[in-house]
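Here are my notes on this model, written as I went through it. Have it open beside you while you read.

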Amino acid sequence: MLTRVRSRMQVAAVALSAATALALGATVSTHATAAPALAKNGPTSVAYVEVNNNSMLNVGKYTLANGGDPVFDVAVIFAANINYDTSTKTAQLYFNENVQRVLDNAATQIRPLQQKGIKVVLSVLGNHQGAGFANFPSQQTASAFAKQLSDTVTRYGLDGIDFDDEYAEYGNNGTGQPNTSSFVHLVTALRANMPNKIISLYNIGPAASRLSYGGVNISSKFDYAWNPYYGSWQVPAIGLPKSKLSPAAVEIGRTSQSTVTTLARRTVSEGYGVFLTYNLNGADRSTDISAFTRELYGSAAVYTP
């Protein structure tokens, strides 16, 4: 049975919205020691971390026994939300208290990963309020939200944005249903705002099937796209080369090690360039992780607390 276990971020009264944080003029140092040049060869490994329950620093605790390079190349903060302000009728980027804590403490929660050469990306997820990536009513409203995203990347020294079009509940609060232009306008504006940052697609929801409008196809504007169903193999239907796709998706500790090994072996044999993992926690998961690193990189994984 395929599982897609993605916990939405709980709304907390004490959390700050991104708009509020920006309005307050909060600043976070983005200075980091130059990342080392990695010798590791093989697919890009991605780790989503549920920061409501786990630390981003867990991503940096795994290295390859052969060579000592970090196992993971991309760490995803899961997740910020796209909320809907009913008074202004606009979409707002929102951080619950746990996401806000990670961002506010970038010096200790994000920079250590970047100093190891690991890119840190912020995932953005629907929040049951009717706002989503696929229902912006105009190019202007899509561009305004893109600016919220790129401003956040700049402010906190992040390496990019990940789109996850789940839990929007389009139509709530009088919002519109998905349209054909919305996501195209949003991604086009975001790429223009941050030409050298990562934009990735969790390949699910109405946005993922609306990549073309007015002669513009945004597939090439993504750096990566991945399968959203853990324990399965499914090639994302997007016009990207194999080097940027992850047909394999595993949940660490829940997908069986035999399945993980099979999916990793298939990733290499079929020439795909990304391997997606979800829900890395604080336990020693080196055995689970070695199940894919042996296939991807020819090395077991080592855990260092």
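1. Starting with the open space: the largest pocket holds about 210 Å³. Its lining counts 17 residues, and Y84, K89, A91, F136 and P137 sit closest to the centre. For the terms, a 1 Å grid is laid over the protein atoms alone; a pocket is an open set of points with protein on both sides within 12 Å along at least five of seven lines, a cavity is a set where a 1.4 Å probe fits but cannot get out, and lining residues have an atom within 4 Å of a point. Points are joined across faces, edges and corners, and volume is the space filled by probe spheres set on them.

2. A caution before going on: this is a predicted model, local features need pLDDT of at least 70, side-chain atom pairs count only at pLDDT 80 or more, and totals for chains, interfaces and linings use all residues. Residues are numbered from 1 along each chain as its sequence is written, and side-chain values use heavy atoms, with hydrogens and water left out.

3. Helices (H or I, at least four residues) and strands (E, at least two) are DSSP runs numbered from the N terminus. The pocket lining has seven nonpolar, nine polar and one charged residues (nonpolar is Ala, Val, Leu, Ile, Met, Phe, Trp, Tyr, Cys and Pro; charged is Asp, Glu, Lys and Arg; the others, Gly among them, are polar).

4. There is one cavity of 30 Å³ or more, and the volume of the largest cavity is about 40 Å³. Its lining includes V250, E251, D288 and F292. α9 has the largest share with three residues; β13 (248-251) and α9 (286-297) each bring at least two.

5. On the chain as a whole, I'd note nine helices and 15 strands. Of the 305 residues, 54% are buried (under 20% relative accessible area; exposed is over 50%, partly exposed in between, 1.4 Å probe, protein chains only).

6. Lastly, the largest nonpolar core has 77 residues, with F72, I77, F145, F163, F183, L186 and F222 touching the most other members. Another core, of 18 residues, lies apart from it, and V121 and W226 are among its members. A core here is a set of buried Ala, Val, Leu, Ile, Met, Phe, Trp, Tyr and Cys residues joined through side-chain atoms within 4.5 Å.
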